[in-house]
Amino acid sequence: MEVSFSKEIESLRLGDGQTFHGEGILAITKALLQSGVSYVGGYQGAPVSHLLDVMVQAKPYMDELGVHVEACSNEASAAAMLGASIHYPLRGAVTWKSIVGTNVAADALSNLASPGVTGGVLVVVGEDYGEGASVIQERTHAYALKSSMVLLDPRPDLERMVHMVEQGFRLSEASNMPALMELRIRACHVRGSFTAKDNVKPALSRHHLIEEPASFDYNRLAHPPVTFRHEKLKGEERIPAARRYIVENGLNEHFDGAHQDLGLIVQGGLYNTLIRALQQFGLADAFGQAAIPMLVLNVTCPLVPQQLTDFCVGKRAVLMLEEGQPEYIEQELATLLRRSDIQTPLHGKDMLPQAGEYSAEVMANGLAQFIARYLQDPGTQAVTDTARAWLQGNLTRRAEAAQQLQAPLPARPPGMCVGCPERPVFSALKLAQQDVGPVHIAGDIGCHALATFEPFSFGHSILGYGMSLASRAGVSPVMKRRVLSVMGDGGFWHNGLLTGVQSALFNGDDAVLLIFKNGYTSATGTQDIISTPGEAAKDAANDKAQSLAHTDQTIESTLKGLGVQWMRTVHTYEVDTVRATLTEAFTTEFQGLKVIVAEGECQLERQRRIKPWIASLLKKGQRVVRVKYGVDEDVCNGDHACIRLSGCPTLTLKDNPDPLKVDPVATVIDGCVGCGLCGANAHAATLCPSFYRAEVIQNPRWHERLIHSLRGSLVRLLQPA
């Protein structure tokens, strides 16, 4: 991985009394070390990628502490690591993106939660929920409920978040339950400070080895019939123990307010947004002091019945602010109130949206209804009117903006990076389908999923990371043409090898698999994988400013070992070759799995490698040649097939310089990395010859300067006066 986290690593070394400044997710990482964690694993994914990225790069320091760090092949293997804490007093932490990551880890989590843990266990999940989410809009809460695990949802304040990490391990040990900690995007990226403590070296580690294995204990296995006993322990011992610890250590927070007859109950992660919404009504100040009492649930599972009922009793009404659906907390709270014969009116999803992210504006709309019904204080009426005017103003501004537009704004869908090695393959696929006809395309998780947007619009389904080949199994037998499955090298190692390739070979399926081999799990931040070329290969490529294609054959060797008989390796930027290979795969008489490995290094990683190298050459005064592509404005006829075939952000339009021509011309803007796709497309599709390739020479030699000067003089002589 080329991105450096050296500054972040230094902040992990802060000692007792020093002040930590930074983002929430890095504060969580520091808190793990302060808690004496023995081992850390996980699978990267936004918004918690930095946790594992930083620890992997901080491996020398982790070795000093005796903390074992492992980048896992998927979330299931990460969750399985936690099995170390079943028998031994080892504190373990793993991380991944939820909800999809928790789905992958579900088996291991269930089998961990059944026997319970001895050492504290903390799973840090990125609750990627809401407007900026990139996954399914579901919640981790369901897993905590079904498997009887602790679920922490800390208030987005660095001091509180760090405290909840430390308490999370203790709570896990006190209750023998694994603990999940959900962190929304804003919590991960919230900035602040806290007073650090010394990092704690784990009592048992690679520096202090366990002398003898634990004795066999059938009761510690997730295996019937002992699992029946585990279920009783969950209800009779573990959950009560967790509730006692929550109360005794004040993990949930109660904030008083002037309006004692009303109450707000909120998930900890939504606290900051709620305060912002209350400020619009003059019911909270800049320091977060609210006028309505609040119960902040930093632990949302298990709930503490007595704590909830005590908060609600005697109040005229309580509003429950719970993001997402189903409303697990609200339903449990309603049941508790009725069972206790507490008649306090409970509101929640009746005043707030059933689904979607609870932004400050969304919360304010719900609060407006709650306040209008229960808070008729004349002193607050003016401020309430101001808040309503603010909400209405938002709607009015949107309506006015829409009216001022003569036409809808053009869509700006996400797209692949400039020079992405996957774009030319989809261009080739477009061309191949002109020959063989439309094909069903099973998509997958990864950068290549961006091909679902224009100008490609490829992909009939996306059912899981590495599951594209498996997802076409029901389509292939009933489809006239062969089905194409698209998968990245990250997805191949995550799940695709077993759920897809092995299954297709075992069943003798006549399938076509396209594997993008860009060298990294790119969509999650370009982390290294087993098929990432080694440092020696990277250094050799740097010296020649080359790509890392063909430097690692792990994927190909694995496929051959499994018995794949039809396999082709192509370079992604060779559009014509890729087109011919795809056509061959769709039309060959060979029956069975056909695999195309499309090699092309992630352009972001390539640029990160070669830019410092080029800068060093320039600094030394050495000659550097940079390739640049452009469009001849006099030749371009304004057809724009090149853009429809490419979708590159640097290939765009500009006004035609010829006043007699109406259609705009294509142009290559700054940012082009010289990948050559536009020219390759023009050649493969037999487009117009308007593209040109130029070499920009920096620090040219003396004879190159002379030739350039002579050429310039000749051009000026030939030009009309």
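How close do the axes of H18 and helix H26 come, and at what angle do they cross? The axes of H18 and H26 (residues 677-684) come within 11 Å and cross at roughly 15 degrees, as the legend to View 1 sets out.

This is a predicted model, in which local features need pLDDT of at least 70 and side-chain atom pairs count only at pLDDT 80 or more, while totals for chains, interfaces and linings use all residues. Residues are numbered from 1 along each chain as its sequence is written, and side-chain values use heavy atoms, with hydrogens and water left out.

**View 1. Helices H18 and H26.** Helices (H or I, at least four residues) and strands (E, at least two) are DSSP runs, numbered from the N terminus. Axes are lines fitted to C-alpha atoms, for helices over the stretch in contact, and angles run from 0 to 180 degrees between N-to-C directions. With a crossing at roughly 15 degrees, H18 is roughly parallel to H26 (angles under 35 degrees count as roughly parallel, over 145 as roughly antiparallel, 65 to 115 as roughly perpendicular and the rest as oblique). In the contact (heavy atoms within 4.5 Å), Arg423, Pro424, Ser427 and Leu431 of H18 meet Leu677, Asn681 and Ala684 of H26.

**View 2. Helices H18 and H23.** H18 (residues 423-436) packs against H23 (residues 575-587) at an angle of about 50 degrees, with the axes 8 Å apart, which makes H18 oblique to H23. On the H18 side the contact residues include Pro424, Val425, Ala428 and Leu429, and on the H23 side they include Val575, Val578, Arg579 and Leu582.

**View 3. The buried face of H22.** In helix H22 (residues 554-562), the buried residues (under 20% relative accessible area, where exposed is over 50% and partly exposed lies in between, with a 1.4 Å probe and protein chains only) are Ile555, Glu556 and Leu559. Seen down the axis of H22, these residues fall within an arc of 95 degrees, so they line one face of the helix; the arc is that of the directions from the helix axis to the C-beta atoms. They pack against helix H20 (489-507) and strands S17 (512-517), S18 (566-571) and S19 (594-599). After H22 comes glycine 563, whose phi is positive, near 110 degrees.

**View 4. The buried face of H8.** Ala106, Leu109, Leu112 and Ala113 are buried in helix H8 (residues 106-113). Seen down the axis of H8, its buried residues fall within an arc of 130 degrees, so they line one face of the helix.
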